[in-house]
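Student: I am new to this structure and would like a guided tour of it. Please bring it up, and let us go through it together.

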Amino acid sequence: MINIVLFGAPGCGKGTQAQRLKEHYGIDHVSTGEVIRDEIRRGTELGRSMEQYIKEGKLAPDAIVIGMIANYVAAHKDAKGCIFDGFPRTTVQAEEFDRILEKEGLKVDIMVDLHVPEEELVKRLLLRGKDSGRADDASEEVIRERLAVYHRQTAVVADYYTAQQKYAAVNGVGTMDEVFDRIAAVIDGLK
Ligand code: AP5
Ligand code: MG
C-alpha cells in the first residue's frame, strides 16, 4: 500500500492532481475539505458545527478532522493506496496520523508539496470562485486569510516529513499535465 500526503497552500492544485493520480495509480483519494463540505451540504450536526470555520477560512478543530481520518483509514485499510489531500494540516494532526496508520501496520510513504507563488494562488482561487459555489472562495479577504492560516499553522508540517526523510517539493506552476508528470516522477522513484 502506498500512502501519499498531497500538500500545499490553498489553490496549489491538490484536488486537481489527486484526481489524476487516483486514476493513474488506481488508488483512493480523500480530501478532508471535501468531507467537511459534504457534511455541510447534508446539514448534519457535524456539518453545522464546521460551517463557520470554513466561511472564515480558519482550520477546523484537530480532534474533529483526526476523527474523520481515523474512520476513513479503518474503513479502507485494504486499499491499494491512498492520496491524503489537505490532511495533515497541523503538527498535531501529523503526529496522530502516524499513530492511526501504525495501528493498522501502515505508514506515510511520501509528502508531495506543490509550490505555487502566492499571487498565482489568489488568481486561481478568485477565478474558481466565480462559479465554484465554495463559501471560502467567495471573497479575496477570505482567500487571503486561508493563505495566512496556511503560513501560520500548516506550512510547518513540511518539516515533520522532512525530518522523516519523506518530503518532496514539486513545482506546481505549469500545465496540469506538466505538474502531473513531475509528481508521477517522484512517486515512481519510490518503487
Ligand atoms: P480544502 O478543501 O483542503 O481547501 P484548500 O486547501 O483551501 O485548497 P483548495 O481545495 O482550494 O485548492 P487545491 O489545492 O485543492 O487546488 P485545486 O486543485 O482545487 O480545505 C477547505 C477548508 O476545510 C479549510 O480551509 C479548513 O477550514 C477545512 N479543512 C480541510 N482540511 C482540514 C484539516 N486537515 N484540518 C483542519 N481544517 C481542515 O485548484 C485550484 C484552482 O486552480 C482550480 O480552479 C483549478 O482548476 C486550478 N488549477 C489547478 N492546477 C492548475 C494549474 N496547473 N494551472 C492553472 N490552474 C490550475
Ligand atoms: Mg482541494
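**Loops, ligand, pockets and cavities**

Student: Where is the place of proline 88?
Tutor: Start with the elements: helices (H or I, at least four residues) and strands (E, at least two) are DSSP runs, numbered from the N terminus. Proline 88 falls in the loop between strand 3 and helix 5 (91-103).

Student: What is omega for the cis peptide bond that joins phenylalanine 87 and proline 88?
Tutor: First, the ground rules: residues are numbered from 1 along each chain as its sequence is written, while chains are lettered from A and ligands numbered from 1 in the order in which they are written. The model is predicted, with pLDDT of at least 70 needed for local features and 80 or more for side-chain atom pairs, while totals for chains, interfaces and linings use all residues, and side-chain values use heavy atoms without hydrogens or water. Phenylalanine 87 and proline 88 are joined by a cis peptide bond, and its omega is about -5 degrees.

Student: Which value is phi of glutamine 165 near?
Tutor: Glutamine 165 has its place in the loop between helix 8 (157-163) and strand 5 (167-171). Its phi is positive although the residue is not a glycine, with a value near 55 degrees.

Student: How much of ligand 1 does the protein bury?
Tutor: Look at the polar contacts (pairs of N or O atoms within 3.5 Å): a backbone N or O atom of glycine 15 is 2.9 Å from an oxygen atom of ligand 1. A polar side-chain atom of threonine 16 lies 2.5 Å from an oxygen atom of ligand 1, and a backbone N or O atom of lysine 58 also lies 2.5 Å from an oxygen atom of the ligand. Taken alone, ligand 1 exposes 1,000 Å² (Shrake-Rupley method, 1.4 Å probe). Of that area, the protein buries 88%.

Student: In which pocket does ligand 1 sit?
Tutor: On a 1 Å grid over the protein atoms alone, a pocket is an open set of points with protein on both sides within 12 Å along at least five of seven lines, and a cavity is a set where a 1.4 Å probe fits but cannot get out; lining residues have an atom within 4 Å of a point. A molecule sits in one if more than half of its atoms lie within 2 Å of its grid points. For ligand 1, that is the largest pocket.

Student: Which element gives the most to the lining of the largest pocket?
Tutor: This pocket holds about 960 Å³ of space. Its lining has 44 residues, and Gly11, Lys14, Arg128, Arg134 and Arg146 lie nearest its centre. Helix 1, helix 2, helix 3 (45-56), helix 6, helix 7 (140-154) and helix 9 (176-188) each give two or more residues to the lining. With six residues, the one that gives the most is helix 6.

Student: Which elements give two or more residues to the lining of the second largest pocket?
Tutor: The second largest pocket has about 180 Å³ of space. Among the residues that line it are Arg37, Ile40, Glu51 and Arg134. The elements giving two or more residues are helix 2 and helix 3.

Student: How much space lies in the largest cavity?
Tutor: There are two cavities of 30 Å³ or more in the structure. The lining of the largest one includes Met1, Tyr72, Phe84 and Leu106, and helix 4 (62-75) and strand 3 (81-85) each supply at least two of its lining residues. The space in this cavity is about 50 Å³.

Student: What volume has the second largest cavity?
Tutor: Its lining includes Phe7, Lys14, Pro88 and Tyr150. The volume of the second largest cavity is about 30 Å³.

Note on methods
Polar contact = N/O pair within 3.5 Å; in protein donor to acceptor, adjacent residues only side chain to side chain. Points joined across faces, edges and corners; volume = space filled by probe spheres on them.
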